[in-house]
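Keep the sequence and the model side by side.

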Amino acid sequence: MKAIAAIVFSAAAAAATFASPALHAQDAASPAAAQAAPQIAPASEAATRWLAVMDAGKAAEAWDAGAPVMQSAITRDMWNKVGTDARAPLGAVKSRKQTSANFTKTLPGVPEGEYVVIQYATDFANRAGVTETVVPMRLPDGSWKVTTYLIR
């Protein structure tokens with residue numbers, strides 16, 4: 001079975017971050033979780049919109065819609081090639097369910113800020129059981145844009 005390559009917009013160290021227990025579900029009653037809750041909904045909406053562009057096979061447009069930190073890590077042409085090459089063999093999305101969304105202010109390889117690490121259990125036409133990780137960040141204007149996308 002051929003492994004799916006991770007697609008990472010930010011530093012390579014980010015991949016290790018997503019396996020960290022510190023980024024998994026927080027206790028819903030904790031003060032940190034209460035503080036993060038208002039950030040998760042708009043970040044999830046931004047991730048959903050961005051994934052729809054990727055699902056439509058428009059990787060270059062997904063780069064256009066990404067955060068500046070993503071755009072500084074990879075060129076538009078390179079992302080278009082990498083994104084298209086990684087997604088094409090998977091086929092169309094059959095189902096996608098968000099499995100976690102966790103707020104954090106720090107991730108390796110990117111500036112300190114407000115991030116939400118979102119994971120999805122996704123079944124594609126040609127491969128079931130894929131984990132997609134999308135990491136939107138809050139920009140100074142208050143909007144959320146994707147910095148990182150991983151497929152495993």
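Start at M54, which touches A59, A62, W79, G83, R87 and Y149, leaving aside residues up to four places away in sequence. Contact here means heavy atoms within 4.5 Å. The model is predicted, so local features need pLDDT of at least 70 and side-chain atom pairs pLDDT 80 or more, while totals for chains, interfaces and linings use all residues. Residues are numbered from 1 along each chain as its sequence is written, and side-chain values use heavy atoms, without hydrogens and water.

M54 is also among the residues with the most contacts inside the largest nonpolar core, along with W50, W79, V116, V134 and Y149. That core has 25 residues. A nonpolar core is a set of buried Ala, Val, Leu, Ile, Met, Phe, Trp, Tyr and Cys residues joined through side-chain atoms within 4.5 Å; buried means under 20% relative accessible area with a 1.4 Å probe, protein chains only. At least two core residues come from each of α2 (31-55), α3 (59-64), β1, β2, β3 and β4. Helices (H or I, at least four residues) and strands (E, at least two) are DSSP runs, numbered from the N terminus. Helix α2 gives the most, six residues. Another core lies apart, with nine residues, including L107, Y115, V135 and L139.

Now the sheet. Four strands form an open, antiparallel sheet in the order β1-β2-β3-β4. Two strands pair if DSSP finds at least two bridges between them. β1 (93-104) and β4 (144-151) are the edges, each pairing on one side only. Seven bridges join β3 (127-138) to β4. V135 has T148 in β4 as its bridge partner.

Methods: Buried means under 20% relative accessible area, exposed over 50%, partly exposed in between (1.4 Å probe, protein chains only).
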